Amino acid sequence: MTGLNLRLPSPLTEVRDGRLDAKGIRLYLKRDDLIHPEFPGNKWRKLKYNLNAATKVGHSRLLTFGGAYSNHVRAVAAAGKHFGFETIGVIRGEEHSPLNPSLGYAVDCGMALTYMDRETYRHKDDSDVIERLGTEFGRFYLIPEGGSNALALPGCAELIEEITVDFDVICCACGTGGTLAGIASALRRDQHAKGFAVLKGAGFLVDNVRELQEQAFGHSDDGWSIELGYHFGGYAKADQVLRLFIADFESRFGLKLDWIYEAKMMYGLMDLIDHDRFKAGTSIVALIS
Ligand SMILES: *Cc1c(COP(=O)(O)O)cnc(C)c1O
(Lines give C-alpha, C1' and ligand atoms only; values in the text may rest on other atoms or scores of the structure.)
Protein backbone atom coordinates (compact mmCIF):
# COMPACT_ATOMS: atom_id res chain seq x y z
CA MET A 1 0.00 0.00 0.00
CA THR A 2 1.82 3.09 -1.17
CA GLY A 3 0.97 6.69 -1.89
CA LEU A 4 -0.49 7.31 1.51
CA ASN A 5 1.40 8.97 4.32
CA LEU A 6 0.44 6.83 7.29
CA ARG A 7 1.79 7.60 10.72
CA LEU A 8 2.83 4.10 11.74
CA PRO A 9 3.64 3.02 14.33
CA SER A 10 1.08 5.34 15.88
CA PRO A 11 2.39 7.36 18.84
CA LEU A 12 2.28 6.09 22.42
CA THR A 13 2.02 8.71 25.15
CA GLU A 14 1.86 8.41 28.93
CA VAL A 15 -0.94 10.06 30.88
CA ARG A 16 0.27 11.54 34.17
CA ASP A 17 -2.37 12.29 36.76
CA GLY A 18 -2.54 12.35 40.55
CA ARG A 19 -5.53 9.99 40.59
CA LEU A 20 -3.53 7.37 38.70
CA ASP A 21 -0.46 7.86 40.90
CA ALA A 22 -2.61 7.39 44.00
CA LYS A 23 -3.73 3.99 42.71
CA GLY A 24 -0.30 2.96 41.48
CA ILE A 25 -1.54 2.69 37.88
CA ARG A 26 0.45 3.61 34.78
CA LEU A 27 -1.68 4.64 31.82
CA TYR A 28 -0.61 5.04 28.21
CA LEU A 29 -2.60 6.19 25.19
CA LYS A 30 -2.02 4.44 21.88
CA ARG A 31 -2.91 7.21 19.46
CA ASP A 32 -4.36 5.37 16.47
CA ASP A 33 -6.48 8.45 15.84
CA LEU A 34 -3.32 10.04 14.46
CA ILE A 35 -2.62 7.39 11.78
CA HIS A 36 -4.28 9.36 9.01
CA PRO A 37 -6.98 12.07 8.95
CA GLU A 38 -9.01 10.25 6.29
CA PHE A 39 -9.01 6.87 8.02
CA PRO A 40 -10.66 7.51 11.34
CA GLY A 41 -9.77 5.15 14.10
CA ASN A 42 -8.98 1.54 13.66
CA LYS A 43 -10.57 1.59 10.23
CA TRP A 44 -7.27 1.65 8.40
CA ARG A 45 -6.00 -1.39 10.30
CA LYS A 46 -9.18 -3.31 9.54
CA LEU A 47 -9.12 -2.44 5.85
CA LYS A 48 -5.47 -3.13 5.10
CA TYR A 49 -5.62 -6.89 4.47
CA ASN A 50 -9.05 -6.63 2.89
CA LEU A 51 -7.68 -4.24 0.26
CA ASN A 52 -4.77 -6.61 -0.40
CA ALA A 53 -7.20 -9.50 -0.80
CA ALA A 54 -9.49 -7.54 -3.12
CA THR A 55 -6.56 -6.63 -5.35
CA LYS A 56 -5.20 -10.17 -5.36
CA VAL A 57 -8.45 -11.68 -6.58
CA GLY A 58 -8.85 -8.97 -9.21
CA HIS A 59 -11.69 -6.94 -7.75
CA SER A 60 -11.83 -3.28 -8.72
CA ARG A 61 -15.04 -2.51 -6.84
CA LEU A 62 -15.68 -2.50 -3.09
CA LEU A 63 -19.13 -2.61 -1.55
CA THR A 64 -19.86 -2.05 2.10
CA PHE A 65 -22.63 -1.22 4.56
CA GLY A 66 -23.12 1.32 7.29
CA GLY A 67 -25.26 3.88 9.06
CA ALA A 68 -25.36 7.47 7.83
CA TYR A 69 -22.56 8.51 10.23
CA SER A 70 -20.36 5.47 9.79
CA ASN A 71 -16.61 6.03 10.15
CA HIS A 72 -16.16 2.78 8.29
CA VAL A 73 -18.08 3.97 5.21
CA ARG A 74 -15.90 7.08 5.15
CA ALA A 75 -12.77 4.97 5.38
CA VAL A 76 -13.82 2.69 2.51
CA ALA A 77 -14.59 5.75 0.38
CA ALA A 78 -11.14 7.18 1.16
CA ALA A 79 -9.50 3.84 0.36
CA GLY A 80 -11.27 3.80 -2.98
CA LYS A 81 -9.98 7.25 -3.81
CA HIS A 82 -6.39 6.51 -2.76
CA PHE A 83 -6.06 3.02 -4.18
CA GLY A 84 -8.22 3.23 -7.27
CA PHE A 85 -11.23 1.11 -6.34
CA GLU A 86 -14.77 1.95 -7.31
CA THR A 87 -16.78 2.06 -4.08
CA ILE A 88 -20.41 1.53 -3.24
CA GLY A 89 -21.86 2.42 0.15
CA VAL A 90 -25.13 0.76 1.15
CA ILE A 91 -26.61 3.09 3.76
CA ARG A 92 -29.19 2.06 6.36
CA GLY A 93 -32.48 3.98 6.16
CA GLU A 94 -33.72 6.73 3.91
CA GLU A 95 -31.81 9.29 1.98
CA HIS A 96 -31.53 12.70 3.63
CA SER A 97 -30.65 15.77 1.68
CA PRO A 98 -28.44 17.60 1.99
CA LEU A 99 -26.01 14.79 2.79
CA ASN A 100 -24.45 14.87 6.25
CA PRO A 101 -20.70 15.58 6.37
CA SER A 102 -19.74 11.87 6.52
CA LEU A 103 -21.75 10.93 3.46
CA GLY A 104 -20.85 14.15 1.67
CA TYR A 105 -17.22 13.26 2.17
CA ALA A 106 -17.82 9.72 0.87
CA VAL A 107 -19.45 11.06 -2.30
CA ASP A 108 -16.58 13.54 -2.79
CA CYS A 109 -14.23 10.53 -2.69
CA GLY A 110 -16.22 9.02 -5.55
CA MET A 111 -18.37 6.61 -3.59
CA ALA A 112 -21.77 5.71 -5.05
CA LEU A 113 -24.44 5.62 -2.35
CA THR A 114 -27.55 3.51 -2.25
CA TYR A 115 -30.11 3.35 0.55
CA MET A 116 -31.64 0.27 2.11
CA ASP A 117 -34.77 0.23 4.23
CA ARG A 118 -34.18 -0.89 7.81
CA GLU A 119 -36.02 -4.17 7.45
CA THR A 120 -33.97 -5.30 4.44
CA TYR A 121 -30.85 -3.93 6.13
CA ARG A 122 -31.35 -6.35 9.01
CA HIS A 123 -30.99 -9.15 6.45
CA LYS A 124 -28.15 -7.55 4.54
CA ASP A 125 -25.87 -10.57 5.01
CA ASP A 126 -28.39 -12.99 3.44
CA SER A 127 -27.36 -14.38 0.08
CA ASP A 128 -30.48 -13.14 -1.74
CA VAL A 129 -29.86 -9.56 -0.63
CA ILE A 130 -26.19 -9.79 -1.68
CA GLU A 131 -27.21 -11.33 -5.01
CA ARG A 132 -29.62 -8.50 -5.71
CA LEU A 133 -26.85 -5.98 -5.04
CA GLY A 134 -24.66 -7.92 -7.47
CA THR A 135 -27.31 -7.66 -10.17
CA GLU A 136 -27.56 -3.93 -9.58
CA PHE A 137 -23.87 -3.04 -9.21
CA GLY A 138 -21.92 -5.86 -10.83
CA ARG A 139 -19.17 -7.97 -9.27
CA PHE A 140 -17.77 -6.56 -6.03
CA TYR A 141 -15.57 -7.34 -3.06
CA LEU A 142 -17.79 -7.28 0.00
CA ILE A 143 -16.60 -5.66 3.21
CA PRO A 144 -19.09 -6.13 6.06
CA GLU A 145 -20.53 -3.38 8.25
CA GLY A 146 -17.84 -1.87 10.46
CA GLY A 147 -15.18 -3.63 8.39
CA SER A 148 -15.01 -6.49 10.88
CA ASN A 149 -14.31 -9.78 9.15
CA ALA A 150 -11.57 -12.38 9.47
CA LEU A 151 -9.11 -10.26 7.48
CA ALA A 152 -9.65 -7.29 9.79
CA LEU A 153 -8.14 -9.09 12.77
CA PRO A 154 -4.49 -9.46 11.71
CA GLY A 155 -4.44 -5.75 10.85
CA CYS A 156 -5.60 -4.86 14.36
CA ALA A 157 -3.28 -7.44 15.93
CA GLU A 158 -0.30 -5.58 14.46
CA LEU A 159 -0.79 -2.65 16.78
CA ILE A 160 0.27 -4.80 19.73
CA GLU A 161 3.81 -5.24 18.34
CA GLU A 162 4.09 -1.47 18.00
CA ILE A 163 3.72 -0.93 21.74
CA THR A 164 7.17 -0.32 23.18
CA VAL A 165 6.33 -0.43 26.90
CA ASP A 166 5.50 -3.54 28.89
CA PHE A 167 1.81 -3.55 29.76
CA ASP A 168 -0.69 -5.79 31.54
CA VAL A 169 -4.02 -4.60 30.13
CA ILE A 170 -5.09 -2.99 26.86
CA CYS A 171 -8.49 -1.31 26.56
CA CYS A 172 -10.55 -0.43 23.50
CA ALA A 173 -14.07 0.71 22.66
CA CYS A 174 -16.28 -1.95 21.03
CA GLY A 175 -18.74 -1.39 18.22
CA THR A 176 -18.64 -4.70 16.37
CA GLY A 177 -15.83 -6.18 18.49
CA GLY A 178 -13.46 -6.68 15.54
CA THR A 179 -10.74 -4.55 17.05
CA LEU A 180 -10.94 -6.33 20.40
CA ALA A 181 -10.83 -9.73 18.68
CA GLY A 182 -7.71 -8.72 16.76
CA ILE A 183 -5.70 -7.18 19.57
CA ALA A 184 -6.62 -9.92 22.05
CA SER A 185 -5.23 -12.52 19.66
CA ALA A 186 -1.76 -10.94 19.81
CA LEU A 187 -1.35 -10.82 23.60
CA ARG A 188 0.81 -12.93 25.88
CA ARG A 189 -0.94 -15.29 28.31
CA ASP A 190 -0.35 -12.87 31.18
CA GLN A 191 -1.88 -9.89 29.36
CA HIS A 192 -5.56 -9.02 29.06
CA ALA A 193 -7.68 -7.05 26.59
CA LYS A 194 -10.75 -5.25 27.89
CA GLY A 195 -13.43 -3.94 25.56
CA PHE A 196 -16.05 -1.32 26.47
CA ALA A 197 -19.33 -1.75 24.58
CA VAL A 198 -20.75 1.51 23.21
CA LEU A 199 -24.09 -0.14 22.37
CA LYS A 200 -26.82 -0.98 24.82
CA GLY A 201 -27.56 -4.67 25.41
CA ALA A 202 -24.35 -5.69 23.68
CA GLY A 203 -24.01 -9.15 25.22
CA PHE A 204 -23.97 -10.56 21.68
CA LEU A 205 -20.51 -9.04 21.28
CA VAL A 206 -19.00 -11.91 23.24
CA ASP A 207 -20.14 -14.38 20.55
CA ASN A 208 -19.07 -11.97 17.79
CA VAL A 209 -15.54 -11.71 19.12
CA ARG A 210 -15.23 -15.47 19.58
CA GLU A 211 -16.59 -16.16 16.08
CA LEU A 212 -14.31 -13.61 14.43
CA GLN A 213 -11.29 -15.15 16.14
CA GLU A 214 -12.33 -18.61 15.01
CA GLN A 215 -12.80 -17.45 11.42
CA ALA A 216 -9.46 -15.63 11.41
CA PHE A 217 -7.23 -18.05 13.29
CA GLY A 218 -9.14 -21.32 13.57
CA HIS A 219 -9.48 -20.93 17.33
CA SER A 220 -10.51 -18.33 19.88
CA ASP A 221 -8.70 -17.32 23.05
CA ASP A 222 -9.93 -16.17 26.43
CA GLY A 223 -7.54 -13.34 27.25
CA TRP A 224 -10.25 -10.71 26.93
CA SER A 225 -13.50 -9.47 28.47
CA ILE A 226 -16.16 -6.89 27.66
CA GLU A 227 -17.62 -4.25 29.97
CA LEU A 228 -21.30 -3.76 29.13
CA GLY A 229 -22.23 -1.04 31.62
CA TYR A 230 -20.73 2.09 30.04
CA HIS A 231 -22.93 2.62 26.96
CA PHE A 232 -24.59 5.82 28.30
CA GLY A 233 -27.97 4.90 26.83
CA GLY A 234 -26.78 3.30 23.59
CA TYR A 235 -24.98 3.94 20.34
CA ALA A 236 -24.41 7.66 19.70
CA LYS A 237 -26.20 8.54 22.95
CA ALA A 238 -24.60 10.67 25.63
CA ASP A 239 -25.59 12.50 28.79
CA GLN A 240 -24.32 15.38 30.86
CA VAL A 241 -22.00 13.12 32.87
CA LEU A 242 -20.23 12.00 29.71
CA ARG A 243 -20.08 15.53 28.33
CA LEU A 244 -18.52 16.82 31.55
CA PHE A 245 -16.04 13.95 31.51
CA ILE A 246 -14.99 14.82 27.95
CA ALA A 247 -14.50 18.48 28.91
CA ASP A 248 -12.54 17.55 32.05
CA PHE A 249 -10.33 15.09 30.15
CA GLU A 250 -9.62 17.69 27.50
CA SER A 251 -8.69 20.35 30.06
CA ARG A 252 -6.35 17.95 31.90
CA PHE A 253 -4.69 16.20 28.96
CA GLY A 254 -5.40 18.33 25.89
CA LEU A 255 -7.20 15.56 24.05
CA LYS A 256 -10.84 15.83 23.01
CA LEU A 257 -12.23 12.31 23.17
CA ASP A 258 -14.65 11.16 20.49
CA TRP A 259 -17.99 10.87 22.34
CA ILE A 260 -19.38 7.91 20.38
CA TYR A 261 -16.53 5.57 21.21
CA GLU A 262 -13.43 6.69 23.04
CA ALA A 263 -15.04 8.80 25.77
CA LYS A 264 -17.18 5.85 26.87
CA MET A 265 -14.14 3.59 27.06
CA MET A 266 -12.09 6.17 28.95
CA TYR A 267 -14.91 6.95 31.36
CA GLY A 268 -15.33 3.23 32.02
CA LEU A 269 -11.62 2.70 32.47
CA MET A 270 -11.29 5.58 34.95
CA ASP A 271 -14.33 4.26 36.82
CA LEU A 272 -12.79 0.78 37.10
CA ILE A 273 -9.51 2.29 38.29
CA ASP A 274 -11.46 4.33 40.84
CA HIS A 275 -13.15 1.17 42.09
CA ASP A 276 -9.81 -0.63 42.51
CA ARG A 277 -10.49 -3.15 39.77
CA PHE A 278 -6.78 -3.11 38.87
CA LYS A 279 -4.12 -3.84 41.42
CA ALA A 280 -1.35 -1.33 42.15
CA GLY A 281 1.49 -1.67 39.69
CA THR A 282 -0.78 -2.45 36.74
CA SER A 283 0.25 -0.90 33.47
CA ILE A 284 -2.61 -0.11 31.08
CA VAL A 285 -2.73 0.95 27.44
CA ALA A 286 -5.92 2.64 26.22
CA LEU A 287 -6.43 2.53 22.47
CA ILE A 288 -7.61 5.86 21.09
CA SER A 289 -8.98 4.94 17.69
C1 LIG B 1 -15.25 1.83 14.49
C2 LIG B 1 -14.68 2.41 15.69
C3 LIG B 1 -14.58 1.67 16.90
C4 LIG B 1 -15.17 0.27 17.05
O5 LIG B 1 -14.41 -0.76 16.51
P6 LIG B 1 -15.02 -2.25 16.38
O7 LIG B 1 -13.90 -3.01 15.77
O8 LIG B 1 -16.20 -2.15 15.48
O9 LIG B 1 -15.39 -2.74 17.72
C10 LIG B 1 -13.98 2.29 17.99
N11 LIG B 1 -13.52 3.56 17.91
C12 LIG B 1 -13.62 4.30 16.79
C13 LIG B 1 -13.14 5.71 16.78
C14 LIG B 1 -14.19 3.75 15.64
O15 LIG B 1 -14.30 4.50 14.52
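Leaving aside neighbours within four places in sequence, His36 is in contact (heavy atoms within 4.5 Å) with Leu4, Asn5, Leu6 and His82. The model is predicted, so local features need pLDDT of at least 70 and side-chain atom pairs count only at pLDDT 80 or more, while totals for chains, interfaces and linings use all residues. Residues are numbered from 1 along each chain as its sequence is written, and side-chain values use heavy atoms, with hydrogens and water left out.

**His36**

- His36 sits in the loop between strand 2 (26–31) and helix 2; helices (H or I, at least four residues) and strands (E, at least two) are DSSP runs, numbered from the N terminus.
- His36 has a relative accessible area of 10% and is therefore buried; buried means under 20% relative accessible area, exposed over 50%, and partly exposed in between, with a 1.4 Å probe and protein chains only.
- The side chain of His36 reaches the backbone nitrogen of Glu38 at 3.0 Å.

**The ligand and its shell**

- The ligand is surrounded by 16 residues, and the closest are Lys43, Lys46, Thr176, Thr179 and Glu262; a residue counts as near if one of its heavy atoms lies within 4 Å.
- At least two residues of this shell come from each of helix 2 (43–56), strand 7 (169–174) and helix 8 (178–185).
- The shell divides into 3 nonpolar, 9 polar and 4 charged residues; Ala, Val, Leu, Ile, Met, Phe, Trp, Tyr, Cys and Pro count as nonpolar, Asp, Glu, Lys and Arg as charged, and the others, Gly among them, as polar.
- Oxygen atoms of the ligand lie 2.8 Å from a polar backbone atom of Gly175, 2.9 Å from a backbone N or O atom of Gly177 and 3.4 Å from a polar backbone atom of Gly178.
- Taken alone, the ligand exposes 390 Å², and the protein buries 97% of that; these areas come from the Shrake-Rupley method with a 1.4 Å probe.

**Helix 7**

- Helix 7 (residues 152–162) is mostly covered, with 8 of its 11 residues buried.
- The buried residues are Ala152, Leu153, Gly155, Cys156, Ala157, Leu159, Ile160 and Glu162.
- These buried residues pack against strand 2, helix 2, strand 7, helix 8, helix 9 (205–217) and strand 10 (283–288).

**Cysteines**

- The model has 0 disulfides, a disulfide being a pair of cysteine sulfur atoms within 2.5 Å.
- Cys171 is in no disulfide, and the nearest cysteine sulfur, that of Cys172, is 7.8 Å away.
- Cys171 counts as buried because its relative accessibility is 0%.
- Cys174 is also in no disulfide; its nearest cysteine sulfur, that of Cys172, is 4.5 Å away.
- Cys174 is buried because its relative accessibility is 1%.
- Cys109 lies in the loop between helix 4 (101–108) and strand 5 (112–116), and leaving aside neighbours within four places in sequence, Cys109 is in contact with Ala77, Ala78 and Lys81.

**Backbone geometry**

- Most residues other than glycine have a negative phi, and most peptide bonds are trans.
- A cis peptide bond joins Leu8 and Pro9, with omega about -5 degrees; Pro9 lies in the segment before strand 1 (12–15).
- Another cis peptide bond joins Ser97 and Pro98, with omega about 0 degrees; Pro98 is in the loop between strand 4 (86–92) and helix 4.
- Phe232 has a positive phi near 55 degrees and lies in the loop between strand 9 (224–227) and helix 10 (240–253).
- Asp276 has a positive phi of about 55 degrees and counts as exposed because its relative accessibility is 52%.

Definitions and conventions
A polar contact is a pair of N or O atoms within 3.5 Å; within protein, one must be able to donate a hydrogen and the other to accept it, and residues adjacent in sequence count only if both atoms are side-chain atoms.
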